[in-house]
Amino acid sequence: MSEGLIRREELATDVLPAAARLLGCIVEADTPDGLVEVRLVEVEAYRGADDPASHSFRGRTPRNAVMFGPAGHLYVYFVYGMHFCANVSCMADGEAGAVLLRAGEVLSDPGVARVRRPAAKRDVDLARGPARLASLLGLTRERNGVDVTDPASPVRVRAGEPVPRSVIRSGPRVGVAAAADLPWRFWIDGSPAVSQYRPGKIRTPIVDPADRAS
């Protein structure tokens, strides 16, 4: 399905309203095992030069170029040599910003989801956390830069009904050492798929091969 895709202009705004707008939206991905759909229940905002936790804080590189626009494109990166995480770019074209897709509830065939995430012990864990979500949807480096507002894209974001502010909660971001106290993580209250909060720790970064030339 491609009806009701989110409009680029809804994302070409500051990271905070863009993050809140993405809550309740549906990410649908074409995978080798079939269509997978996930309703977003937790996201996390990252801005540009004024956000030391953002990949774009030190300027544009081959790795983070998608963060600089235009809005509505996937920014996928490999973290700590272990797994992929996926973001949706936002802000005005040329200004860096993205929203990390942290967790979601599976709406599509659970059998397909189980094939893709056989290690999940419970259905609620299929897309609970950014690495699990990216794995379930097949969001690897090959998906970096795809336009989620394009019906022909292999990954699309459908605009769900805006989530009422009364059920949106916010708090510190997860796993970051810089600007960890900013309440830029947003989630839907009551969803069991929201990931567990863990304070950030200072870790020695592992250089992504895509950054070696920058």
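Phe-78 is partly exposed, with a relative accessible area of 25%; on this scale buried means under 20% relative accessible area, exposed over 50%, and partly exposed in between (1.4 Å probe, protein chains only). Please keep in mind that this is a predicted model, where local features need pLDDT of at least 70 and side-chain atom pairs count only at pLDDT 80 or more, while totals for chains, interfaces and linings use all residues. Residues are numbered from 1 along each chain as its sequence is written, and side-chain values use heavy atoms, with hydrogens and water left out.

**Aromatic rings**

How many aromatic pairs does a search of the whole structure find? The search finds 2 aromatic pairs. Rings of Phe, Tyr and Trp (its six-membered ring) pair if their centres lie within 6.5 Å; planes under 30 degrees apart count as stacked, over 60 as edge-to-face and the rest as tilted. Tyr-75 and Tyr-77 are tilted, because their ring planes stand at 35 degrees, with centres 5.5 Å apart. Tyr-75 is buried at a relative accessible area of 1%, and Tyr-77 is buried at 12%. Phe-78 pairs with Phe-84: the ring centres are 4.7 Å apart and the planes meet at 45 degrees, so this pair is tilted too.

**Salt bridges**

Now for the charged side chains. Across the whole structure, a search finds 21 salt bridges, each being a side-chain nitrogen of Lys or Arg within 4 Å of a carboxyl oxygen of Asp or Glu. Here are some of them:

| Pair | Closest N to O |
|---|---|
| Glu-28 and Arg-158 | 2.8 Å |
| Glu-42 and Arg-102 | 3.1 Å |

Helices (H or I, at least four residues) and strands (E, at least two) are DSSP runs, numbered from the N terminus. Glu-28 is buried, with a relative accessible area of 0%, and Arg-156 counts as buried at 5%. Arg-158 also lies in strand β6, so its pairing with Glu-28 of strand β1 joins parts 130 residues apart in sequence. Both Arg-158 and Glu-28 are buried.

Which residues are linked in a network of salt bridges? Glu-28, Asp-30, Glu-37, Arg-156 and Arg-158 are.

Glu-42 belongs to strand β2 (residues 34-46) and Arg-102 to strand β5 (residues 98-106), so this pair ties together parts 60 residues apart in sequence. Glu-42 and Arg-102 are both buried.
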